[in-house]
Amino acid sequence: MARWSASLLRVADLVAVILLTVLALAATFLSESLLRTVVTIPFLFFAPGYSVVVAMFPHRRSSLDGEQLFGSEALLLGIATSIAFAIIVGVNLEYTVWDIAAAPVMVALSSIALLAASIGMYRRLSTLNETSPTTFGGSSYRAKTPNIGDSIQLSSVVVAVAVLVAVLSVGAVALDPPRGERYTEFGLLTEADNGTLVADNYPSEMSVGDQETLYFTVTNREMQPKQYTVVITLVATNEDGEAIQRAQLDSFRNEVAAEETWRQEHTVEPLLSGERLRLTYLLYDGPVPEQPTAQNSYRELHVWLDVS
């Protein structure tokens, strides 16, 4: 029992880190109140860095178990390393499919904190009987005696490395072109008399059997390759604008790399006749529903057409 108590005291700080991490993660997803701020700020500024420092140097901790290291130095290292991790995670999320938001940042930092704390606990407990003995409640175990001079040098090195990594991450973003919001540009063009493509002069009147050449463009600003599908339909509507008849004219599919533009020439040939028909272009970046509509599309554009 005494040995179990000694083991628990030896990892008490890491148990506290794990509890703080779980509480901060729960508050991120379940709470929008003051509790979320009160819990997550201490977590962000301490837990990930401290758990990583302990995982790297499991014997170098406060005097709870007779060791003379650090109180304040452990706090300094934990804060410096946590700030570095927060910057690194925030910067590198820009290069992933996730946005820079509270949930992705917390999940990433919580994963670091929980993994490092688990490693730190294992390393501490696995060396419980090493080196010189220390008494705890009548039982004894061996604890490593630290060298304070080495500790000070170690703290300086870790802080310097954390600051250097954070600065390099920020510098990489500063040298990278601004990325902005992820989106897809979708446009419809016609060919002018001089051969240039313009977003104007769309056909407004056609006859059944006529053909008109148009162009649509899809520009991928989503920061990753996308598989796009464009479905072209002709829709007859009632006076309230509700669809009463649909005819699918064509569909196209293409994979577009990030920051690339897909331009597709196509021929429109009406299959329905009537006034105020809606020539509709529906863009999808995933599976296409059985009945494509403006409501279930990713992007939509249309022009009005009278067909005799």
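This is a predicted model: local features need pLDDT of at least 70, side-chain atom pairs count only at pLDDT 80 or more; totals for chains, interfaces and linings use all residues.
Visitor: Where do I begin, and how many helices and strands does the chain have?

Guide: Begin with the secondary structure. The chain has six helices and 11 strands. Of its 308 residues, 40% are buried. The chain exposes about 16700 Å², and carbon and sulfur atoms supply 57% of that area.

Visitor: What share of the contacts with a separation of 6 or more joins residues 24 or more positions apart?

Guide: That share is 72% in this chain.

Visitor: How do I read a nonpolar core, and which residues have the most contacts inside the largest one?

Guide: A nonpolar core is a set of buried nonpolar residues joined through their side-chain atoms. The largest one here has 26 residues, and those with the most contacts inside it are Phe186, Phe216, Val218, Val230, Trp262, Leu279 and Tyr281. Elements that give two or more residues to this core include strand 3 (183–191), strand 6 (212–221) and strand 7 (226–237). Strand 7 gives the most, with five residues. A second, separate core has 14 residues, among them Val54, Val89, Leu109 and Ala113.

Visitor: Which residues form a nonpolar patch on the surface?

Guide: The patch consists of Ile41, Phe45, Leu75, Ile79 and Ile83, with about 420 Å² of accessible area together. Helix 3 (34–56) and helix 4 (71–93) are the elements that give two or more residues to the patch. Helix 4 gives the most, with three residues. Ile41 is found in helix 3. Ile41 counts as partly exposed because its relative accessibility is 43%, between the 20% limit for buried and the 50% limit for exposed.

Visitor: How do I read a salt bridge, and how many does the structure hold?

Guide: Look for a side-chain nitrogen of Lys or Arg within 4 Å of a carboxyl oxygen of Asp or Glu. The structure holds three such bridges. In one of them, the side chains of Arg221 and Glu185 meet at 3.4 Å, N to O. Arg221 is in strand 6 and Glu185 in strand 3, so this pair links distant parts of the chain, 36 residues apart.

Visitor: Which residue meets Arg221 in a salt bridge at 2.8 Å?

Guide: Glu259 does, with the distance taken from N to O. Glu259 lies in the loop between strand 8 and strand 9, and Arg221 in strand 6, so the pair ties together parts that are 38 residues apart in sequence. Arg221 is partly exposed, with a relative accessible area of 25%. Glu185 is partly exposed at 32%, and Glu259 counts as partly exposed at 45%.

Visitor: Where do the partners of the salt bridge between Asp285 and Lys226 lie?

Guide: The closest N and O atoms of Asp285 and Lys226 are 3.6 Å apart. Asp285 lies in the loop between strand 10 and strand 11 and Lys226 in strand 7, so the pair ties together parts that are 59 residues apart in sequence. Asp285 is partly exposed, with a relative accessible area of 30%, whereas Lys226 counts as buried at 18%. As for shared partners, salt bridges join Glu185, Arg221 and Glu259 into one network.

Visitor: What polar contact does the side chain of Thr229 make?

Guide: The side chain of Thr229 makes a polar contact with the side chain of Arg253, at 3.2 Å. Thr229 is in strand 7 and counts as buried, because its relative accessibility is 6%. Another polar contact joins the side chains of Thr196 and Asn194, at 2.7 Å. Thr196 is found in the loop between strand 3 and strand 4 (197–198), and Thr196 is partly exposed, with a relative accessible area of 39%.

Visitor: How do I read phi, and where does Met223 lie?

Guide: Most residues other than glycine have a negative phi. Met223 has a positive phi of about 70 degrees although it is not a glycine. Met223 lies in the loop between strand 6 and strand 7 and counts as buried at 19% relative accessibility. Asn201 also has a positive phi, near 60 degrees. Asn201 lies in the loop between strand 4 and strand 5 (205–206) and is exposed, with a relative accessible area of 52%.

Definitions and conventions
Residues are numbered from 1 along each chain as its sequence is written. Side-chain values use heavy atoms; hydrogens and water are left out. Patches are made of residues with over 30% relative accessible area and no salt bridge: like charges are joined within 9 Å, nonpolar side chains (Val, Leu, Ile, Met, Phe, Trp, Tyr) within 5 Å. Accessible areas come from the Shrake-Rupley method with a 1.4 Å probe; for residues, only the protein chains shown count as cover. Helices (H or I, at least four residues) and strands (E, at least two) are DSSP runs, numbered from the N terminus. Buried means under 20% relative accessible area, exposed over 50%, partly exposed in between (1.4 Å probe, protein chains only). A nonpolar core is a set of buried Ala, Val, Leu, Ile, Met, Phe, Trp, Tyr and Cys residues joined through side-chain atoms within 4.5 Å. Contact means heavy atoms within 4.5 Å. A polar contact is a pair of N or O atoms within 3.5 Å; within protein, one must be able to donate a hydrogen and the other to accept it, and residues adjacent in sequence count only if both atoms are side-chain atoms.
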